[in-house]
Amino acid sequence: MTAEATDTPETGGGLRCLVTGATGYIGGRLVPELLAAGHTVRCLARSPERLRDHHWAGRAEVVKGDVLDAGSVADAMRDVDVAYYLVHALGTGAGFEATDRRAARIFAEQARDAGVKRVVYLGGLTPHGVPAGELSAHLRSRDEVGRILLDGEVPATVLRAAVIIGSGSASFEMLRYLTERLPVMVTPSWVRTRIQPIGVRDVLRYLTGSARMPAEVNRAFDIGGPDVITYLDMMRRYAEVARLPKRLIVPVPVLTPRLSSHWVGLVTPVPHAIARPLTESLRHEVVCAEHDIARYVPDTAERPMAFDTALRLALQRVRDAQVTTRWSSASLPGAPSDPLPTDPDWAGGSLYTDERERVADCPRESLWRVVEGIGGENGWYSFPPAWAVRGWLDRFVGGVGLRRGRRDAQRLRVGDSLDFWRVEEIEPGRLLRLRAEMRLPGLAWLEMRAEDEGAGRSRYRQRAVFAPRGLLGHAYWWSVSPFHAVVFGGMARNITAKAEQDADLAAGSAEQAAGPAGPAAPQEAGS
């Protein structure tokens, strides 16, 4: 890191900051905020390549490591002033609380040994007066992590937020899809629970400002916006801001948080594994008991921003396709993360492949635009019912399904979620490799290439790879292989056909804009 060793929170110089969770929703937005504030940033990530295509990637140092690996955490904390802890083991099985606990202790211990001056953590707002045993497991775990960091020897700032409203946040997406897709709703009783939401811009402002807190500050702060409202009010106000017809909402007591998380999973792109902790946290009133954060990060006339303002900004970003990070930016717990195997004897097992290629009567650039625009609203260019059924089956068994869509309608970057895939590699204009995150008895990838053929033509190459796990994995491949000609074959045909069609339309538009050619004007002598 390049910041001077004399820079400290007290001197006002640029600080050296470590950010964990930079591949996630908040972390990915915090890094550019810290850079803009004049700080030097180092990111600790299990998969550094997923940060490669972020617009700030060239200005931040990225190191490989895991918060559960004390050695890699120690290396990452070397020469750091402020360490941001923005990770949690959401939905990683019955032992996730133990995992959270262990990671927090490692972080606190390594911060002490490295001489870090402050630790900053973003946790959940817990309801006051409710015993820990009555909290949801996820909220209880976040509260415990905060206490572990506060009990450490390094001064800590623990920010506790309820519902975060911002383009791409899980809470916003849940609110958005529930309200937009259901004009009439039978809802769980928790929609009448009072909540104090906060805009993501204010969360980032508090996180950035926490870096300069005085050394004697070691405490938790409740952070929230100026509005204390029910989830019912949030849905109604969303409908007003989005100019939707008035929604009819009927709360009923029989829908428990567990049942309603399945209901949320069916209606919205947010999968059950993430919807459940969100809905469980709404069982109790979550309202700030204090606003002491303003002593250190002062309020302004417009900050913290009103709920309706945060909604408008989030909606505008979605409509303008300017969503920088999404809830799905972080890997779904339990999803495969292995890179594409290249050795046919990888892991001592079999690899099944389905390979297709076609020549397209259009330039490579036209073909690539179709490849990079795949998924989301554009679909997958083959037998939509088959893709839809596969998505519904995945949702049924607790997977992400096909409705995560895209972060950007035209551009992809490494780490982006794309329906039930994730971008593992992209070489602009040439290669797109996707790794499957649907529930499978094995690991799967889909690779698409665009190559020059010369004479204004291009070649499309497509390869699906499946590494089966156990006998069930082999049975799965052979059971679906009869449909590959329709699904993968149709995909190759339709992608090239779409590219040719777009190229013809572009050529026709160019000719129309040029107009009819007139007689050549006589040249002046000496011109």
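## Parallel strands

Strand 4 and strand 5 run parallel and are joined by four bridges, where two strands count as paired if DSSP finds at least two bridges between them. The model is a predicted one, in which local features need pLDDT of at least 70, side-chain atom pairs count only at pLDDT 80 or more, and totals for chains, interfaces and linings use all residues. Residues are numbered from 1 along each chain as its sequence is written, and side-chain values use heavy atoms, with hydrogens and water left out. Helices (H or I, at least four residues) and strands (E, at least two) are DSSP runs, numbered from the N terminus.

## Buried strands

From strand 4, Val82 and Tyr84 point one way while Ala83 and Tyr85 point the other way, and all of them are buried; here buried means under 20% relative accessible area, exposed means over 50%, and partly exposed lies in between (1.4 Å probe, protein chains only). In strand 6, six of the six residues are buried, so this strand is largely enclosed by the rest of the structure. Both of its faces are covered, with Ala156, Val158 and Arg160 buried on one side and Thr157, Leu159 and Ala161 buried on the other.

## Helix 6 and serine 210

Which residues of helix 6 are buried? They are Val200, Asp202, Val203, Leu204, Arg205, Tyr206, Leu207, Thr208 and Ser210. Because nine of the eleven residues of helix 6 (residues 200-210) are buried, the helix is largely enclosed by the rest of the structure. What covers these buried residues includes helix 1 (25-36), strand 4 (82-85), strand 5 (118-124), strand 6 (156-161), strand 7 (164-165) and strand 10.

Serine 210 lies in helix 6 and is buried, with a relative accessible area of 0%. If residues up to four places away in sequence are not counted, serine 210 touches Arg118, Val120, Thr157, Leu159 and Val297, a contact being heavy atoms within 4.5 Å.

Elsewhere in the chain, an open sheet of six strands has the order 14-19-18-17-16-15, with antiparallel pairing. Strand 14 (352-360) and strand 15 (417-418) stand at the edges, each with a single partner strand, so one side of each is left without a neighbour in the sheet. Within this part of the chain, strand 16 (residues 421-427) and strand 17 (residues 431-436) run antiparallel and are joined by six bridges, and the bridge partner of glutamate 427 in strand 17 is leucine 431.

## Cavities

How many cavities of 30 Å³ or more are there? The count comes to three, where a cavity is a set of points, on a 1 Å grid over the protein atoms alone, at which a 1.4 Å probe fits but cannot get out, and lining residues have an atom within 4 Å of a point. Grid points are joined across faces, edges and corners, and a volume is the space filled by probe spheres set on the points.

The second largest cavity has a volume of about 40 Å³, and its lining includes Ile165, Pro197, Asp227, Met305 and Ala310. The elements that give two or more residues to this lining are strand 10 (198-199) and helix 10 (307-319).

## Cysteines and aspartate 69

The structure holds zero disulfides, a disulfide being a pair of cysteine sulfur atoms within 2.5 Å. Cysteine 43 is buried, with a relative accessible area of 0%, and cysteine 288 is buried as well, with a value of 17%.

Aspartate 69 lies in the loop between strand 3 (61-64) and helix 2 (70-76), and is partly exposed, with a relative accessible area of 40%. Although aspartate 69 and isoleucine 106 are 37 residues apart in sequence, they are 7.9 Å apart in space, C-alpha to C-alpha.

## The whole chain

The protein chain has 14 helices and 19 strands, and 53% of its 527 residues count as buried. Among contacts between residues at least 6 apart in sequence, 74% join residues at least 24 apart.

Definitions and conventions: On a 1 Å grid over the protein atoms alone, a cavity is a set of points where a 1.4 Å probe fits but cannot get out, and a pocket is an open set with protein on both sides within 12 Å along at least five of seven lines; lining residues have an atom within 4 Å of a point.
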